[in-house]
Amino acid sequence: MDLYIWLTQTLLPELCESFVDPRKRVSIIYLCTAILLVFIWGLTSGLSLKSGLRAVTSGLLSKKILLSRSSMGDYKLLIINRILFSLKAPFFLSKTAFTAFLFFYLNEVFPTQNSILSATPVIFVTVAYTVILFLVDDLSRFITHYALHRFEVLWAFHKIHHSAETLSPLTVFRTHPVEGIIFGLRSLLAQGIVVACFVFFFGSQVDLVSVLGVNVLIFIFNATGANLRHSHVPISYGRSLEIFFLSPVQHQLHHSKSPKHYNCNFGVVLAVWDKALGTHSLDYSQEKLQFGLGDQKCQYNNTLFKMYVYPFCEVSGILKRRTVEFFNKLSKGENSAFQ
Amino acid sequence: MTKLLNITIASVATLGACTTLAIGDVYGPYPITLKNYSGSKTNSVAYTGQIARHVLHDSLKKLAAKGNGNPNEALKKQMLEFYSGKTPGRKIVAPVSKGTFQIKQEIVDEISKKKNLSGKTYKGAITGMPNNMSGPELIKFWIDKASSANRGVDKANGYHYPQLISKFIMGAVSYNQAVDNYLDEKMTAKKKPNNKPYKKGAPYTGKEHSWDEAFGYYGTPAHSLSLDPKVIYAIAKRKASALKHADVNGDGKVDLKREMVFGPAYYAAAADKTGRTNYGRTITKAFIDGRKIITSANGKKLSQEQLGKLRKLASIIEDNWEKTLAEAVFKYAGSCFKDLKAIQQGKLSAQGKYLKHWGELKGFSLSLQVGRKNLGATASKLNRLIGVGPVMANLSQVTDIDSSGNYVKSQASSIGEYMGHMLKVQKLMLDKFGVKARINDQTADMSNMLKKLGGGSSVEND
């Protein structure tokens, strides 16, 4: 009975929430706008209604993609992760508690600055909050993503996402739970810092410039094809715009199995972070991209158990290897000291 | 035989008085259990002295706001009559009838004679104010100041005397007497035993009356377990719509002795109205349960087990009463924060509200410190954060009182810093007392903003 209540009152509503909540990228609104964009893209490429429909059916809603082994792996991870995270592990730090802690810390460090900007016009504060929150959020996503590729231990978990060989909007859910925790901490840090600073300096609640309750800038990003980042539709914004904003095809490049495309385009919305770090890439031609891990050994085979467990085995191997290397270095050092 | 008759009459009276309530939901009447009682009384419950003190307090608060800005000896004398006098014939200044909300009594003596507040005020030093004044000394100091202030408010120094006097008395008299005297010392085996009358000729035992007096200080209607916190709140405000709920015997008037709501119960209801706490009901139920234990002893000495149960109930009452005071401190720290923000934004009209709220904050914070427990470092921190006086718009702040009773002021660093103090007061109440109603919670703003952002537990890649 308890299981039934949990299924119907917790799990199912939470699963459905992802598809109706406008704050989520895979909300039905954004999926519809993505389909519309692909249709228009197809229409303009082939100049016929048929070509528009073909673009939708082959690039986005193709059986080959949606029922592929890789996509099935995405769905399994979506459901099981949702079950795991609906249990609300007690070790998760409360975002409110963290924000309150930061807020009181600011009070300690800057005792005379509390609400010092409270006379600022509301419109200015609202716009500033919207933009700063967006920038901090986008930067923190970039840093997290970069770290997931840069550090071997983190890459072991992020590899699961990159093992997708077909991309669909639901590939965003192809995530190892450890990554889920990392993303949660990222969100906690980014939102907590911005909210605490704004409430501290401006003295009270600050509103967002929003559409359907979502930061207007995130809404624009989601409504203009964010879901196509994980798709087989190579929509480009044009090189002049892609210097500032990452297009769907640039993220597809990030997922390419070709070694020449490794470690590029880590950003989400803005290209400026990649530009600054030298990882920005516009290196796509008319070649059809293939996705996955390429020459790296892929042992997961879209099996749920393997996708969950193998990263831990890999991390254990890495740690063992590192320990051996550390002691080897240490002993070499000692030997050379005696010579 | 007489005893049996008394019990029967008392039981019938109980049934008659609360036809709509289940037996046991009302505090009294309870039968006479005292052995060898030969008087004509049938009810052993009595707490009229405490109700008289609530009325003296309400009246004193009202009088404290009657000054015209010039020294007024007559007003001071009148206030002192309500604080330390016992003069017969004192007319009730508050609470009085309001529209259809008619109050039965007009003279304090109709409730109880020869009562004052000073004799029951906490005698220890009040460390939250300068010069180590005792409770009565501090109240008399404020009475003196209030008599010469315009409507009780000293705008130059930032003191709202009616609020300071009122909120401090709620602790220094009601809370202190209940939790540090009647529910503490008088609940030991030796003091006021249950097999003897409270005093010679009284119709109640030592323990019965001690418990009743503590209940009286809480200031809730005897039938309040059947009332919603919103109704309790409305009764205290003398709303016409609340009359039918207060007037339980249906005589068209509210009997201050059994049907009215006073300070402590009013503030418990204020917190309970949020739906996040249940202080009023918990306290009242504990009082009723305790009284039943004492009544069930039937005039015999209480056993160790019975005393143990009473101590547990006393602890529940004390804990919830303390939390009620902490909730009030939390609430008014939040109010002061909001007022200061308005002042910082140039809205000087917020000054009036600020002084009123600060008076409530200071009064309640001092009240919190005069219970049975020594709050130690928490009290020191609270007093340091709130200060001796509020930080004014021109950054002046009273920091001391000289030997002639004049305020000594100094310059605060900024309004923002004092706003930070208000937030720290809220945090202190949260950390040390676990307040839950959290009215005017300034950190709730952050919680609302985070809720709007969402994205808590999603496991999504970029």
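Predicted model: local features only at pLDDT ≥ 70, side-chain atom pairs only at ≥ 80, totals over all residues.
A residue counts as exposed when its relative accessible area is over 50%, and K332(A), at 62% relative accessibility, therefore falls in that class.

**Fold and dimensions of chain B**
- Chain B contains 15 helices and four strands, and its C-alpha atoms fill a box of roughly 75 × 75 × 45 Å when this is taken along the principal axes.
- The radius of gyration of chain B is 23 Å, which agrees with the value near 23 Å that a compact globule of 462 residues would have.

**Burial, surface and charge in chain B**
- Of the 462 residues in chain B, 60% count as buried, while the accessible surface of the chain comes to about 18400 Å², with 51% of that area belonging to carbon and sulfur atoms.
- The side chains of chain B include 71 that are positive and 38 that are negative, and the centres of these two sets lie 4 Å apart.

**K332(A) in chain A**
- The exposed residue K332(A) has its place in helix α14 of chain A, which spans residues 304–338.
- Between K332(A) and H158(A) there is a distance of 34 Å in space, taken from C-alpha to C-alpha, and the two are 174 residues apart in sequence.

Conventions
Residues numbered from 1 in each chain as written. Chains lettered and ligands numbered in written order. Heavy atoms only, no water. Helix = DSSP H or I, 4+ residues; strand = E, 2+ residues; numbered from the N terminus. Rg over C-alpha atoms; globule rule 2.2 N^0.38 Å. Buried < 20%, exposed > 50% of the residue type's maximum accessible area, 1.4 Å probe, protein only. Areas by Shrake-Rupley, 256 points an atom, 1.4 Å probe, with all protein chains shown as cover. Lys, Arg positive; Asp, Glu negative; His and termini not counted. Charge placed at Lys NZ, Arg CZ, Asp CG, Glu CD.
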